[in-house]
Amino acid sequence: MNKIKIGVMSFAHMHAFNYSKCLKKIHNAEFTGIYDDNAKRGKEMAGLLGVKFFSTEKKFFAEKLNGVIICSENSKHLSMTASAAGAKAHILCEKPISVNLKDANKMISLANKAGIKFMTAFPCRFIPSVVKARRLLDSGEIGRILAIKATNHGSLPDGWFTDKKLSGGGAVLDHTVHVADLLRWFTRREVRTVYAEIDRSIYNKKIDDCGTLLFEFENGVFASLDPSWSRPKSFPVWGDLTMDITGEKGNIYIDAFSEIIDVYDDKTGKHSCRSWGSDAYMGLVKNFVDMILYNRTPFISGYDGLKALEVALGAYESAAKKKVIELPLKAKK
Amino acid sequence: MLKVGIIGFGKMGRKHLESFKRIPGVSICGIFDASPGKIQEAGLKTCPDYKHLIKECDVICIATPTDTHKQYILEAIAVGRPVFVEKPLCRTVEEAEEVMQAVKKYKAKVMVGHVVRYFNQYAAIKKAIADGCVGKPAVARITRCSKFPKASNNWFNSREKSGGVILDLMIHDIDFLIWCFGDVERVYAKDIGREKIPNMDYALAVIRFKNGVIAHLEASWALSGGFRARVEVAGTEGLVNYDSRHPASLKVEHSDGNVIRENPVDENANQMEIREFVEYVLNDELPKTTLHDAYEALKVSLAALESVKSGAVVKLRRGKSE
């Protein structure tokens with residue numbers, strides 16, 4: 001059988017490099033090449049990965065790609081989705097799906113109209129401890145879920161992440177979508193109310209860098225999330241993903257990135273850690289390739305991307321109005 | 001000799017008795033408990049009438065269920081007895097106002113047992129922040145989890161008496177954060193009260209301080225065993241963190257598989273707070289836990305409970321006695 005032809009659109013998001021390395025290892029995928037609106041970056045990455053660089057979308061899609069992975073700045077997800085839909089290429093789109101609900105809805109309908117599959121890239125759904133926890137919850141191991149305390153801490157990211165025009169939001173948007181998606185996946189419920197305190201007091205940039213959300217699902221389960229970029233440069237790891245789940249008959253604790261070894265290297269001047277955990281990116285990319293290959297329904301849909309985005313947008317609205325916000329958000333006029 | 005009368009002989013009453021006994025110049029005048037059997041079992045003499053005890057002693061230590069604190073405090077300070085009362089100060093804002101007015105009227109000395117300030121690890125966190133280790137603090141996370149506490153008549157299971165995990169457990173960390181960051185602007189909280197599960201409680205809260213710090217608090221009486229406490233503060237220039245799971249300085253493994261982890265200290269936190277109370281009474285030295293802060297911690301905890309009930313954000317208001 002022919003290999004599935006996949007291209008990567010933009011290396012603005014550093015995950016493009018992780019996904020690309022996976023593509024090279026997946027035997028039924030052909031990593032056709034890279035398009036990037038930043039030609040210098042695109043050429044450099046193409047050279048590093050040993051694939052072709054295409055300077056225009058036209059040349060890129062002339063390759064008759066079966067699928068693309070979009071890793072542009074968040075605000076450009078819509079235009080790249082439109083191009084991919086036009087070329088009938090299935091899409092794996094980096095999170096957050098977009099910077100507002102209007103664009104996200106448009107992306108989903110563009111894909112529907114073109115008859116292509118749209119998948120949102122939430123790699124955390126492929127972390128073995130997360131997958132196992134969901135299975136345990138489903139088996140009734142700790143009874144009903146009552147409450148969840150989550151963190152998705154990080155360090156300050158570089159470049160466009162702190163430029164609101166391109167990213168759509170800071171720490172709260174960047175990290176809330178991951179956890180909101182996992183909790184929707186666990187509870188099989190939508191978020192009903194969101195409250196958030198948000199600030200930009202750590203780095204004093206023009207974008208939010210810290211905050212805490214407290215939200216409630218339709219079934220009364222409540223959850224908190226700290227999505228702050230609060231890990232200083234001297235911190236031994238980049239960040240974390242933790243979920244403390246309180247159930248009726250017990251508790252489950254997930255510390256997804258705790259599989260590490262300690263490294264004491266004089267060159268870095270600090271204690272650091274290296275992961276020995278499984279590669280969640282590989283699970284995600286392989287799932288995307290298989291979705292195309294076997295004509296499957298996307299495991300993580302555009303709607304999943306949109307509902308996770310809505311929680312983050314609700315958090316911003318809550319912080320601005322200093323009150324609890326009900327979801328779904330009302331359409332902006 | 002400073003004669004101490006103890007009212008309430010549950011877990012905390014016993015602890016405070018041990019602490020008072022170790023302080024030179026202090027003697028135990030008597031112990032009162034609504035169920036005197038507990039005192040007799042411990043081989044101690046019970047005092048049948050608390051009013052008599054208040055009259056006989058020099059200072060009073062109150063460690064009864066929360067909803068009875070006010071009455072004992074008022075009776076003790078009305079006759080000039082300094083009071084050490086287990087946290088929380090009392091059960092409601094109205095009771096607290098009454099106590100604060102009476103304290104003013106009688107110029108009484110009342111100290112509330114917010115013991116977390118006396119734990120070396122928490123004092124070290126506060127000092128590290130003060131030393132500038134995190135720069136300007138931005139976000140704090142604080143956690144306190146244990147199994148459901150045992151007590152007579154299972155009074156912790158009664159919201160009316162104890163105020164649940166927010167008023168009895170989270171208040172420790174609320175007090176610590178007030179110590180570090182000052183006054184609270186607003187609070188939003190959720191708990192599992194609606195589930196009405198006996199002998200279990202769990203709550204999460206978000207607090208915005210007037211100085212801008214955002215704090216997340218977790219309090220759990222839902223562990224099957226053990227204890228976990230954590231605090232983390234991140235700011236413009238760094239981060240400090242304490243976790244009770246950090247390796248202990250002493251670990252004992254028994255052949256039956258039982259493991260004991262311990263960090264022995266020169267003077268334990270309960271001992272320290274009682275010593276400060278005695279020094280406050282005898283030498284007028286102000287303790288680390290001021291009555292004002294205890295009153296604030298109570299107001300914030302009750303505001304969190306109010307938020308749970310209303311589902312809305314609660315802004316802190318000035319009390320009548322401020």
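Strands here are DSSP runs of E with at least two residues, helices are runs of H or I with at least four, and both are numbered from the N terminus. Two strands count as paired if DSSP finds at least two bridges between them. In this pair, A:I260 stands opposite A:S275 of β14(A). The two strands form a hairpin with four residues between them, and A:G269 in the turn has a positive phi of about 70°.

A word on what you are looking at: this is a predicted model, in which local features need pLDDT of at least 70 and side-chain atom pairs count only at pLDDT 80 or more, while totals for chains, interfaces and linings use all residues. Residues are numbered from 1 along each chain as its sequence is written, chains are lettered from A and ligands numbered from 1 in the order in which they are written, and side-chain values use heavy atoms, with hydrogens and water left out.

Now let us turn to the sheet of chain A. Seven strands form an open sheet in the order β12-β11-β7-β10-β9-β8-β15, with mixed pairing. At its edges stand β12 (250-255) and β15 (325-326) of chain A; each has a single partner strand, so one side of each is left without a neighbour in the sheet. Inside the sheet, strand β7 (residues 145-151) of chain A is joined by six bridges to strand β11 (residues 242-247) of chain A, and the two run antiparallel.

Helix α6 (residues 128-138) of chain A touches β7, β11 and β12 of chain A, where contact means heavy atoms within 4.5 Å. The direction of α6(A) makes about 165° with that of β12(A); axes are lines fitted to C-alpha atoms, for helices over the stretch in contact, and angles run from 0 to 180 degrees between N-to-C directions. Helix α8 (residues 171-187) of chain A also packs there, touching β7, β8 (191-199), β9 (210-217), β10 (222-226), β11 and β12 of chain A, with its direction at about 25° to that of β9(A).

Two backbone details in chain A are worth a visit. A:N204, in the loop between β8 and β9 of chain A, has a phi near 55°, a positive value in a residue other than glycine. A cis peptide bond joins A:L327 and A:P328, with omega about 0°, and A:P328 lies in the segment after β15 of chain A.

Chain B has an open sheet of seven strands as well, in the order β11-β10-β6-β9-β8-β7-β14, again with mixed pairing. Here β11 (239-243) and β14 (314-315) of chain B stand at the edges with a single partner strand each, so one side of each has no neighbour in the sheet. Strand β7 (residues 184-191) of chain B is joined to β14(B) by two bridges, and these strands run antiparallel; B:V187 stands opposite B:V314 in β14(B). Helix α8 (residues 164-181) of chain B packs on the sheet, touching β6 (137-146), β7, β8 (201-209), β9 (214-221) and β10 (227-235) of chain B, and its direction makes about 150° with that of β9(B). Helix α10 (residues 291-310) of chain B lies across β7, β8 and β14 of chain B, at about 50° to β7(B).

Chain B has a cis peptide bond too, between B:K87 and B:P88, with omega about -5°. B:P88 sits in the loop between β4 (83-86) and α5 (93-106) of chain B.

How do the two chains meet? In total, 34 residues of chain B are in contact with 39 residues of chain A. The area buried between them is about 3,000 Å², of which carbon and sulfur atoms give 61%; buried area is the accessible area (1.4 Å probe) that two parts lose on being put together, summed over both. In chain B, B:R141, B:Y188 and B:K190 lose the most area to chain A, together 18% of what that side buries.

Eight salt bridges are found across the interface, each a side-chain nitrogen of Lys or Arg within 4 Å of a carboxyl oxygen of Asp or Glu. One of them links the side chains of A:E197 and B:R186 (2.7 Å, N to O). On the chain B side, the elements that give two or more residues are β6, β7, β8, β9 and β10 of chain B.
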